[in-house]
Structures are given as structure tokens and as C-alpha cells.
4 protein chains.
Amino acid sequence: MIKASIIGGTGYAGQELLRILYRHPEVEVVSVGSKSFVGQPLKDIYRNYNKITDAVCEASDIQELAEKSDVIFLALPHGIASKQVTPEILSQAKIIDLGADYRLKDVDIYEDWYGVEHHSADLLKEAVYGLCELHREDIKKARLLANPGCYTTCSILSLAPLLAGGWVDPASIIVDAKSGTTGAGRSSSTAFSYCEVNESIKAYKVASHRHTPEIEQELGLLGNTDLKLTFTPHLVPMNRGILALCYATLAKEATEEELRQVYRDFYKDEYFVRLTEDVMPETKWVKGSNYCDIGLTLDQRTNRVIVIGAIDNLMKGAAGQAVQNMNLMFGLDEKTGIDFITDFPV
Amino acid sequence: MIKASIIGGTGYAGQELLRILYRHPEVEVVSVGSKSFVGQPLKDIYRNYNKITDAVCEASDIQELAEKSDVIFLALPHGIASKQVTPEILSQAKIIDLGADYRLKDVDIYEDWYGVEHHSADLLKEAVYGLCELHREDIKKARLLANPGCYTTCSILSLAPLLAGGWVDPASIIVDAKSGTTGAGRSSSTAFSYCEVNESIKAYKVASHRHTPEIEQELGLLGNTDLKLTFTPHLVPMNRGILALCYATLAKEATEEELRQVYRDFYKDEYFVRLTEDVMPETKWVKGSNYCDIGLTLDQRTNRVIVIGAIDNLMKGAAGQAVQNMNLMFGLDEKTGIDFITDFPV
Amino acid sequence: MIKASIIGGTGYAGQELLRILYRHPEVEVVSVGSKSFVGQPLKDIYRNYNKITDAVCEASDIQELAEKSDVIFLALPHGIASKQVTPEILSQAKIIDLGADYRLKDVDIYEDWYGVEHHSADLLKEAVYGLCELHREDIKKARLLANPGCYTTCSILSLAPLLAGGWVDPASIIVDAKSGTTGAGRSSSTAFSYCEVNESIKAYKVASHRHTPEIEQELGLLGNTDLKLTFTPHLVPMNRGILALCYATLAKEATEEELRQVYRDFYKDEYFVRLTEDVMPETKWVKGSNYCDIGLTLDQRTNRVIVIGAIDNLMKGAAGQAVQNMNLMFGLDEKTGIDFITDFPV
Amino acid sequence: MIKASIIGGTGYAGQELLRILYRHPEVEVVSVGSKSFVGQPLKDIYRNYNKITDAVCEASDIQELAEKSDVIFLALPHGIASKQVTPEILSQAKIIDLGADYRLKDVDIYEDWYGVEHHSADLLKEAVYGLCELHREDIKKARLLANPGCYTTCSILSLAPLLAGGWVDPASIIVDAKSGTTGAGRSSSTAFSYCEVNESIKAYKVASHRHTPEIEQELGLLGNTDLKLTFTPHLVPMNRGILALCYATLAKEATEEELRQVYRDFYKDEYFVRLTEDVMPETKWVKGSNYCDIGLTLDQRTNRVIVIGAIDNLMKGAAGQAVQNMNLMFGLDEKTGIDFITDFPV
């Protein structure tokens, strides 16, 4: 059994992670950390854990946890993980960071977009970007894993085959993404209160969201080019799900069917990527699962390809992918414990 | 492996049942029946089945299915099952009927409330009412199982300890129940279209809903009395969940704590019943799980006990309970394949 | 033109009131008070006021306001109004209090249920309970008006004809009420965040909600009796609307049609009460309007009458009724400026 | 008083139109037409009309209506209006068509995108495209008015100043638009049932929606160029509102502030256009009103301007704009009867 601890277990992503881990056949949860709820039973915070576990939230000491855990999951605000992870820790336990601190390879870009100092920039080289479909072999050997962001997972998987094959002009990319409200975390802000979110849609952080450089980094690697793209996130009145509309201008001639074949080839061995053919992805079909659904259309009138990706932001966009990464890091079948069928309508 | 077939697999309850069965460790699905979608792959109707199964919907012949199945689940409109089930069928396969045809022991009450003739009234005596917490031993031996209705499951479990112990006046019972919209089935009626249901609440079939006599039958058995109660269902703008507010006047003196102890004793061995102590049940904590959460308050000013029950109408109220029954009927641990933790927020 | 000021103008009820007053043909808004937003333009807090008004929120001094206003609306947490209103204020301006401080005639009951001291109990005798349909003549002469609570308005209007006519047993009354989330006010509590409220229903303050004694006071007056009832409020995942299910046992024989006629007679001159005949009220049909829709059924099996009332909690349950009261207090047609048709679907 | 008739009064747009007309100070409704509900009182179909009107739905004969009406509103599926309107009709009554039949000036484009024959193509030259902010003077003189589509109104108003000033490359335009579910009309399709729409987002008719040529026609006129753009609509789980994200590459150098000034100048006299400065538009702030809110950002990293427009699809996107047009056509102040403040939260 893999001994797993989690620091930051009572946010939405942490809670989703616990739900998976408590039913994972190869995992034993040894510590649930939560700064805000130290001493309180998890089941008093999230009533769905009634009769599931009597675990009590702890003030996590990463050093102590490293001694008794095989893997530590971090689900923390940015800037905190980079203070806690050290080579010593990594020599004792594997780290899977659901936050942003180890995702960007260039520390200047990190500090520029996040506005905080990075406290362990020397570890960035070792950290592996945990998008399983792109970096599986590196992930298997990783000690420090940077779990990708939710928008980024969906955007990169949607566009990867086009960049890898040089099919589109890198300067033409626009990603217009929509997220459910769990993406904002468990909030006590009036802005995220029921009556303010319900029955409305808005864009936010237009052209300034922090997932932008993360998408650029990975698509740039695939396309072997520096690129800048426009990224716009939206808040949608629903709990879960991300839908990413990706627009790019063709760089060489192609039919829609040729492009579809590019995707089929690129993802032919990927369990958690599903290509839709006759219909476009909708977030309801991936909710609660670890799938990324992808569909595309060629707009011949404008020579643009439009790719649509859909994920569950807390699953493939956070906790599900974290466990997929853990599975790989510990030599398990990558779908162990996360092979859920979407529950509908839920 | 239990060979399972389903007739009526593309309604919401049927679909939920399939989701469970396709991941159940002891079940093999041998046939998915759907009158409306004969010849169509399940995954084209419900896109969440993409990459899960290539099953194609069939026009079900119950005789044929009985020969190749150990159990047949029926998820049909009322009046149809009673035409299909025969002693011959029952000699070949077990039947779990998610519909209403075999729930009421008194055929006159059935025909009166449902307005249709019952075609196999002689089987009513054999049929077992599949509320596991009340009839577990009979269920283990059943060949024909009547899976309870959603409102009824929640209402009966909420009130059972009070009736069994003679704590309340049977003539005083009022159940004010609220349901998510999946309770109406997969509908193409304008009345259930998004814009008509969203942002509104209404009561419907006030004092005339068909689940009334079912609740009366089971509570009457427990209280060893004939009783009539008032039952009011509501449509709530959410997908899933039932919340039942049960009001009854005390028949003998009791403190709130004594009443709580009555419930603890009554349900002490029940895995799928959870008693809440300091808070009242909310549907979000049971969604996607097979739990029934129950809480109570004594209104000392009026001498009324108020019991609140919460279930997921498609799980404990339909498909989850059907599998719980199947597990018992086939000698399995009753929680096999349905021991889900509620996913939150979903 | 009536010069109107408002203290507490940036809560949901205050904001709704402003929306009405800024379009009321006989009103000029002279001051918008908001402790939380002093110095900020209303239109920066509520963007719907962009281009409507440049009013800036003020720290209200009730003495100053009394000098320049004909009427002052108070939309404040309980316990604050009773400190501010004095006979001197009342000699200068009429007061319409949307809060609870002047609703209960018995100061002990107030202090018991609200847990705070009442600072101007001597004014309780003068204060008029502003349920127009019951106290119209007193309202016309009132200087200090206590605007009823949302649940109470709906519950009292639903049950009034039965109590006035002695049709039901006063000891048998149960009100099971459901409210949209605006009823909780503009909140920054996690409990009212989008993801926590969405897709779930719960009861709260079961048998202990502060609107209980208010309903009992008014129904007791109508029935000329002391009465205690059971009142249960629920939180529903929608923005607006209250649906009250009222149960009571008949005290004398009556047919459903006779009871309907009782309601027709009782409300025959009431513009803002609408009786439904063939269907039951739904909150969507009253949203944004000042109507109270009422329907009833006689459950002959149990001898109970079930009355259903529906209002918009911010309109007839708060701001709309406050303006209806103001109209009466200033000799205007009571529907002036609030005669809205429900917008659907909204 | 303007005598107004409506053909197609029981769809969502028709119903919204009636709500406005029944409170419009200069209008008398003389006929409510509805093919589906002939002989039924409007208040039995939409219960919000209870006590508002006793109007009964009629099978409309446009010739008869022309004789007794000053204006006839058509709210019909495409292809029907073009069969009914004739020069004779236009000589008797003004026509405001909320449908698509007279919006496109080029009959070939109409027949190509709509797949039906146009039966009165000779009237296309006379028909005025009723986007008040662009064609006010023509509207004042119009007999046949083509009321713009919902997506188109929002998209064109958002981009008009950029095209008119030659600020962007016409070939670079992408509009990613999101709509509430009322945009689909009053539907009895399973695809628009509550449980299928709720808690999910999807794009539809990607690169093939019929509003595309309408946007191209008007932006082409403004930019004095033929242009083709990419337009993607989405279905959002909310009742009302359109949010249009418009992306375009700058054709000449500009700062964000310069672009804002372009918008201020362009819309300086427009009552129903509101520019947001420090925040971006959200649909909740325009719901129930006739406003179009517009905000913009310059993404300097990619040289793209991002303009966001928000409207209520049934108001400025349909019924509100229709009445704005009627007001202009009859010499009234254009905001008469439609000067609503957004009700919040509703």
C-alpha cells in the first residue's frame, strides 16, 4: 500500500483527491492536512465523509509527513509549496504539487505572472510537468511532480496534435475557456456567493490569467517555437467542468478529415482522451470522470480550425490527474482508482 | 459473474443502473434493452459511455433474456412489467422491478391509484418489497423483487423507527417531500424544459401522488395499523436528490435525545443509513451515493417530531437500491459495487 | 414628490427598493445610506445602476435624514432600528422599517426570539404591522410602519381566510416554506457560496425560525385565539421566491369548493392577491411582481386542507410591500410604481 | 394610442413583447396571435398574465390585422413571414418582424444559410435593418422593419466602432458568444430539458450558425469591405443573457485608452449602450433591461483587441429592441416603455 499524505486537504481539489484516495485499492491515507480546520474531523467539514473516515485534520509538518509517507500531495495557494519542498524531503517521499509553483520552467516567467518570489528555483529543473499524455516516461521517474492547471490541461490536450504537426500558425492561437465555479476554490467572497454567480456569465482576468504562460510553455515545446497566445477564462453558473474553445489558423492545407486523423494518431494509445466525431464535447459527459473529450471543426470560410476540449476541472484538471500521475510514479496501471464512468445527470 | 440484463436501460434510472453494473466486480451486462433506441449504441445516446462500452440497445424479449440472464432489471412505466413477468420467467431468472407494479400488496389499491389493470396479481404475494433495511431476510430469498419508489424509500426510512415503536399518532403524519428533476424521468415535455423548471419551485400532485399508498402500506405494517397520511411532492430546480420533511405528533412523552436513541438503535447495523446529530441532512451530502441521511428535531412548542431524510433519488431511490437488492439476492455483501463516496461539489 | 431616504440601501432588499423608487412617478430619492460602502457610487456596487443614477452611498444620520425626507426606509439587521427611531424622528418623517424590530407587539416575545434588547418598546403600540391586506386602514394613518417578513407575508396571506372563518383547528397548523437564496441577504459566508447552495436543498432553523411568532401573532389575531404552529423554512437553489405549504385540519365540515369560495370572498377586493383555481402556484409566476398567488386543495382522505402561497421574497416579501405601504401612507393608489408583470423566464 | 397586434405571441420573445406592450403608455394590444393556442386565454398559458389581461389567443389573419392595427409584430419561425408580408399589408400597417426573413439584403445568402425559399425578395430593398444605434434615421421612416437577431445585436454593437474606424483587420475577427437557454425558444425537445441543460456548457452550430452572415453584412457595411468571420455560439445553463467575446487583430497602432475613446465617441449619444471602464460586462447587469454593456481590453502581448458585449437576448436581443424600433417608427422617445432598471438578483 502506498502511504499518502495531503497538505491542503479541505479545499475542493483536496477534498476530491481524498474521495479518490479513500477508495483507491493501493493507497492508505496517513494524514489529512488543513490549516483552517486543525483538530476538526473531516466528516464535520464535508458531511459526505460521515461513516467513511474519522480522520481529523492536522497542521501539517512536511518533514514529519515525509518520514511516514510514500507520497505527499500539496494542494496549496501558489508561493507556499516552493518554500516547503527541499532536496531532503524529496529524498524521503515523492511530491505531487497540485499548485503552480513547479509548473513553469522559467523562474522569471513564474515570478512575473505570479508576483511572488520562488524559493526553490533550483528544483525547477528536476520537476516534471505532469501532463501524462505528453510526459509519461518522465513522470514514471519523477520525484517532484508539477500537476498541471485545469485550464491548461484542457487547452494543451486540445491543441497538442496541431502544434506537434505544425498544422497551425502559432501566432494565431486564441483559447476561449469556460469554467464551472469550483474552479474558484471554496470561497467566502461575496463575488462567488450563490446569488451573484447564478444566472449570469462573465469573462475574467481577460488576457491576464496565470495559466497563459503554462499553455504557452507546453505548446511551444510541442511546436518547437516561442509562442504567445490569447487566453480568456469565463465563470459559468455550474459547479464543474471546463470547456475550451481553441481557434487557430491553418498553416498548411488540410481537410477536416485529415485533421481528425492527426488527432486519432496522436491519441491512439491514450485511455483518458476521447475524440468525438459527429458531435462536439459537452462538459456534462466528462463530469466526475478523468476523461478529456476533444472534437474539432474546420471553418473553411475563414481557414480556421476550431478545437473543443472538455474536462472535469477537479478530476482531469486536478485530483484525477494527480492520481493518474501517482499511479505512474509508483508503477501502477495509470487508471487504477480513477476509472469512473460519468454519472448523469448529476 | 452474475449475468444481468436490463429492460428500459435508457431512462435516467436505467442509465444510472448501467453505470453501476458496468463497474460492478461480480456482474456482466448481457443485454441493454431500450424500446426507443433499438439498434443504437448506448454511447450515442449517453456520451458518457464513449470508450466504456459498445453495447447496442435491443428490443427486449423477456423470455429470451430469462434464458441467458441470472437477473433481469425492469425499468419500465407502470402497467408493463405486470404483463411480462410470469412464473415461467421467474423459474429461470430473478426479476428486479424498478417500477411500481409489484410494490402494493393490495391489487385494488394498485388499480385505484394507477388507473390500470394489474395483469399478474397472483404474483403480488410472492413479490418482496425491496427496502433492504426492513425486509432483508425476505429479499435474500426473493425471485421477484419490487424495488421501492424514490419518495417512498426516503419517507419510510425516515419514519420507520417512530412507527415501529409506537412513538407517534399514525393519523398525524404529513410528509412534505422535495425532489430534483431527474425524478420526472428523461422528458421531452415543455413543462420540464430548462427555462420552465429553472429558478422556480412548485408542489405537484398535491394529496394525490401514487407513492402515498406505498408509504402507507409499509408504515402501516411497522405500526401494525391502517393509516392514512398526507403526502406532498415538490419539483426543485436541481438534478438529483430527495429531501423528505416528515411531521408527526408524539403519542407518548419523549425527549429529543430519547428519540435520537430510538433511531440509533433501530439503524445500528445499517450501513447505508447515516444519522446526523448536530446538523440536518442536505441532499448534496448524499448525491451519487447510496446513503440515506436522517436527522430529527422535537418541536416542543407543538409536541411534534420533525424527521428529515435525504437520499439520491436515482441511487438509494432507484438504481443503487436495486443493486443493493441484487447483492442480497445473490449472496454478496450488500454494498458491493455501490459503496460510493458522494462527490462534492458535483 | 415624496422625498424618500433609505438606510441600508445596498443589501438585496434595499437594492430592490431603490430599483422601484428610482422609477416611482411620485418619489424622489434623497439619500442612499450604506454603512459598508460609504463614499462609493451605487453604480459601482450594483452595475445595473450604471447610467441610472450617480448617487453616492452615505453614512446615514437618521436625524438629518428626517429633516430632509418625507419617508425613511430602514433595511437593517434586527436590533438596530429600535435604537434609532424616536418620537422626535416620527414627528418629522414617516418610518417604514423592513426589519423585525417593530413587528411583534409583545416585547418579551421579541427579546426571547431575537436574543437582543428592544430599545424603544414604547413605540410598539404605535407601530402598524404593514400587511396591507389585513391592516389597510391603520396603515393609511401610520407614522411607524413595520413591514412584514417574507415568510410571514406568504404564510399569513395563505392561511388568513381559514383562521378568520374558524375553518381549521389552530393547533393543527404546519407551514413548510421554501425560499430562494436572496432570502439570506447579500452574503460572504462559505455556506452561501455558489457551489455550496447549488444543486442541493436543505431545511434550516427547523422549529426555531424567528418568523414563527410573527405568523402566530397575526393568525392568532384573525382567529381570536392564542396559537402555536410548526414552521420550517428551506433553502432552495434559486435566486428568488417563496413557496409556503400550509397544512391544517378542518374544524368543521367543508367541501373544497366551499373553501375556495371563502378565499374568493376574503380577497375579492385585493389587487395583489391572485387565487389560482385549476393549478397550484409556482414561484416563477410571481417573480419580480408584487402578487401573492394562493391555491388550495382539500385532502379528503385525511381531512386536511393544504393551502399553497407564492410570493417574490424581495417584492411582496420586502421592497414591493414596503412601497405598497408607502403608497397607502401617502394617499396614493397602492399599486403606484409596483404594478409589474412578472418577467418570464427570467 | 398605437394599436398593436402580434402574430406568434406565445413564444418566449412574443411573451416578452406582450409584457412590455401591456404596460407601454402609448400602446393598446388589439390581438394576440398564437397558432398553437387558438382559443386559449393567454393567462392560462403564461400564469403571470393572471389578472393582467383576459386576452384570448387567436389564429391570426394578417390581412384582417392590418385593417385594425397600426403595427403588427411578427415572432415566427423563419420562412413564414416572407409569405405573409405584401405591399398591400405594408400600405395599411407597419410591420416589425422579429424573425430572420428580412434581415439579409442578399436573397442568395438568405436562401443558402436558411435552406428555404424567400417569398417576397422584392421587399428586401425596402426593409430596414432595425439596429437602432446604426440605422436610426431609416428606422424612423420604415414600414417594414427587420428586427436583428440576438447574437447579432450583441456582436455588431461590440465591434461596430472598430470596423467603422478601420482599427482592426476584418479577416481576423472571431466572435465567441454565449447564450442563456431562452435563446432556444420555448422547447419540448429532450435536448433542452432541465436535466440535459443544467450543470453543463456546450458550443453548438460551430462555424455554421445563421447569425453569421447577418453580422458579416452589418460589419462589412461599417468597414466598407466584404468580410468573413468565425462565429461560435454556446448554450449556457441560465435563462437569459448573451455575452459576446470578440477578438480582432489591430490594423494600426493604438493604446487601450485610444480604443476606449473610439467607443466613447461612437456611442456618446446612445442611451441604451453603456461602456464599462474598470470592469468587464456580465450578463446579470443587463438582464431584464434594454441595455447593451460593452467593455474592452487590448492584449498587448498578441496585438489583439478583445471586446466584450452583454445584452438580454429577449430584450435588446428581441422584444426590447422591437419596441425601441416601434417607438422610433411612431415618433416617440425611443426609450418609452422599455426604460427598465435591471432587477437583481433575479
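Biologist: How much area do chain C and chain B bury between them?

Modeller: This is a predicted model, in which local features need pLDDT of at least 70 and side-chain atom pairs pLDDT 80 or more, while totals for chains, interfaces and linings use all residues; side-chain values use heavy atoms, without hydrogens and water. Residues are numbered from 1 along each chain as its sequence is written, and chains are lettered from A and ligands numbered from 1 in the order in which they are written. Buried area is the accessible area (1.4 Å probe) that two parts lose on being put together, summed over both. For chain C and chain B, 55% of it lies on carbon and sulfur atoms, and the total is about 3,900 Å².

Biologist: Which three residues supply 18% of the area that chain C buries against chain B?

Modeller: Each chain gives 47 residues to the contact (heavy atoms within 4.5 Å). The three that supply more than any other three residues are Glu199(C), Ile201(C) and Arg301(C).

Biologist: How many salt bridges cross the interface of chain C and chain B?

Modeller: The rule asks for a side-chain nitrogen of Lys or Arg within 4 Å of a carboxyl oxygen of Asp or Glu. Arg301(C) forms such a pair with Glu216(B), at 2.6 Å from N to O. The number across the interface is 8.

Biologist: Which residue of β13(B) stands opposite Thr297(B)?

Modeller: Two strands pair if DSSP finds at least two bridges between them. β12(B) and β13(B) have 7, in the antiparallel sense, whereas β11(B) joins β12(B) by 3 bridges and runs parallel. The residue opposite Thr297(B) is Ile306(B).

Biologist: What relative accessibility does Gly130(B) have?

Modeller: Gly130(B) lies in the loop between β5 and α7 of chain B. Beyond its neighbours within four places in sequence, its contacts include Ile139(B), Pro148(B) and Asn325(B). Gly130(B) counts as buried because its relative accessibility is 0%.

Notes:
Helices (H or I, at least four residues) and strands (E, at least two) are DSSP runs, numbered from the N terminus. Buried means under 20% relative accessible area, exposed over 50%, partly exposed in between (1.4 Å probe, protein chains only).
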